[in-house]
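Visitor: Hello! Could you walk me through this protein, one question at a time?
Guide: Gladly; let's look at it together.

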Amino acid sequence: MSLMCAILQALELLLIRNYIPQRSFFIALGHDEEVSGVNGAQKISALLQARGIQLAFIVDEGSFLLDGFIPNLQKPFAMVAVSEKGAINLMLQVNMTPGHSSAPPKETSIGILAAAVSRLEQTPMPNMFGGGPLKMALQQLANEFPFPANIVLSNLWLFQPLVSRLMERNYITNALVRTTTALTMFNAGVKVNVIPPVAQATINFRIHPAQTVQEVLKLAKDIVADDRIQFHVLNAFDPLPVSPSDDQALGYQLLRQTIQSVFPEVNIVAPGTCIGNTDSRHYTNLTTGIYRFNPIYLQPQSFSSIHGINEKISVQAYETQVKFIFEFIQNADADPRPVPHLHEL
Ligand SMILES: CCCCCCCC/C=C\CCCCCCCC(=O)N[C@@H](CC(N)=O)C(=O)O
C-alpha cells in the first residue's frame, strides 16, 4: 500500500516539475493484488500484449533492504528479487457418514483430516539449497562477514551442507531453502452433537525455484498416504523464471545505481528470490526482466507485521520511498544503456 502511494506521489512531484519523460512508463496498480491479481494485473498484462507492447523491464514489490536477517552480518544489504516462489493452494477433503455423537465411530472426518495435515506440517519438504539467486547472494555477501563465516560462504562447494542446515534454523531463511507448507484453513462440523460428514483443510505451499507444482503435489500425496483423503488443487503456478542480473541487465543495473545513490550506506546489492508472490508474475509475457524491490528497510521483527498486526511505515521511510521512485524514473529515462557495474560501492 505504501509503495503504491509513493509511486503516485513521486509521479505528482514529477508532474509539478513539468517533467516530460523520453521513454514510455506504465504504472500498473491492480486492485486485487492481495488475492492473486486475476482481475487486475492479469487483465492489464493481456491488454498491453494486445496492443503489441514489450517492456524493457518491470519493477514490483517483493524484496527490501534487509537488516538483521542473517546472524553475524552487521550491515544491511539490498536484495533485489529476480525470481519468486511458485504456489499451490491445496484443499484436502474427507467425507464420512454423519451420525449421532453419542456413539462415535473409531475415526471421524475431523480426526482423519487433522492427522493428515499434521503429517504435512511435521514433514517439511526437502531442503533444496544449492543454486540460483540465493547462492549468488551469499557469495556476494561473503566478504561482509567476519572470520570464519567469510571463508565458509566463499567456499560453498565445500560448506554447502553446513550452510543449508544453518538456513533451516530460522523460519524466514528456511523459506528460502525449501517449499514451505502452511496450514491456513480448516473447516468442519456445524453442531456439537453431530459427527460431521465433511472436513476440509487448505494448505498453502510456496514452491522453491528448484521444484514444480507436480513434484510438490506428488510429495504431499506421499506424505498424507491416505486414500480416504481427496486432493483438490484450488490454484497453482510454478516458480517464476530468473531475470538477468548481469552487467547488461538494464532494470537490475538501474535499481543498483539508484539504491547506491539513495542509500549510500548500503554496500551490497544482491539478487534474491521473493518468498511471497507479487502481481509481477502476470507480466512474463511482456518482459524477461522482472525485479521485485521495495526501497525500505525491513528488520526480522517487522517481518511478522506484514499481513499481521499493526503493519506500518514511518514517515521518514515513506519519504525515502518517494525519493527513490522519483530518482529511479529519471535514471531509467536518462540513458537506455546499462550502467557499468562497480564492484567497490
Ligand atoms: C539471504 C537471506 C535473506 C533472507 C531474507 C528474506 C526476507 C524476505 C522478506 C520479505 C518477503 C516479503 C514478501 C513480500 C510480499 C509480497 C506481496 C504479498 O503479500 N503477496 C500475497 C498475494 C499475492 N500477490 O499472491 C502473497 O500471498 O504472497
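Guide: A salt bridge here is a side-chain nitrogen of Lys or Arg within 4 Å of a carboxyl oxygen of Asp or Glu. Keep in mind that this is a predicted model.

Visitor: Thanks! What is the N to O distance between the side chains of R165 and E168?
Guide: Both residues sit in helix 6, which covers residues 156–168. R165 and E168 are three residues apart there, about one turn of the helix. Their side chains meet in a salt bridge, and the N to O distance is 3.6 Å.

Visitor: How many salt bridges does the rule count?
Guide: The pair R165 and E168 forms a salt bridge. By the rule, the count comes to seven.

Visitor: How many salt bridges are there between domain 1 and domain 2?
Guide: The domain assignment gives domain 1 as 28–84 + 241–311 and domain 2 as 86–237. The C-alpha centres of these two domains lie 24 Å apart. Between domain 1 and domain 2, the number of salt bridges is zero.

Visitor: Then how many residue pairs are in polar contact across the interface of domain 1 and domain 2?
Guide: Contact joins 25 residues of domain 1 with 20 residues of domain 2. The two domains bury about 1,900 Å² between them, with 69% of it on carbon and sulfur atoms. As for residue pairs in polar contact across this interface, the rule finds two.

Visitor: Which element gives the most to the side of domain 1 that touches domain 2?
Guide: Two elements give two or more residues to that side: strand 3 (77–84) and strand 10 (269–274). The residues of that side divide into 13 nonpolar, nine polar and three charged. With five residues, the element that gives the most is strand 10.

Visitor: Now the ligand, please. How far is a backbone N or O atom of N277 from a nitrogen atom of the ligand?
Guide: There are 18 residues around the ligand, and E33, L176, R206, N277 and H307 come nearest. A polar backbone atom of E33 is 2.9 Å from a ligand nitrogen. In the side chain of R206, an N or O atom is 2.8 Å from a ligand oxygen. For the backbone atom of N277 and a ligand nitrogen, the distance is 2.6 Å.

Visitor: Is the peptide bond from F147 to P148 cis or trans?
Guide: P148 lies in the loop between helix 4 (132–141) and helix 5 (149–154). The omega of the bond from F147 to P148 is near 5°, and the bond is cis.

How values were computed:
Residues are numbered from 1 along each chain as its sequence is written. This is a predicted model: local features need pLDDT of at least 70, side-chain atom pairs count only at pLDDT 80 or more; totals for chains, interfaces and linings use all residues. Side-chain values use heavy atoms; hydrogens and water are left out. Domain bounds come from an automatic or database domain assignment. Contact means heavy atoms within 4.5 Å. Buried area is the accessible area (1.4 Å probe) that two parts lose on being put together, summed over both. A polar contact is a pair of N or O atoms within 3.5 Å; within protein, one must be able to donate a hydrogen and the other to accept it, and residues adjacent in sequence count only if both atoms are side-chain atoms. Helices (H or I, at least four residues) and strands (E, at least two) are DSSP runs, numbered from the N terminus. Ala, Val, Leu, Ile, Met, Phe, Trp, Tyr, Cys and Pro count as nonpolar, Asp, Glu, Lys and Arg as charged, and the others, Gly among them, as polar. A residue is near a molecule or strand if one of its heavy atoms lies within 4 Å of it.
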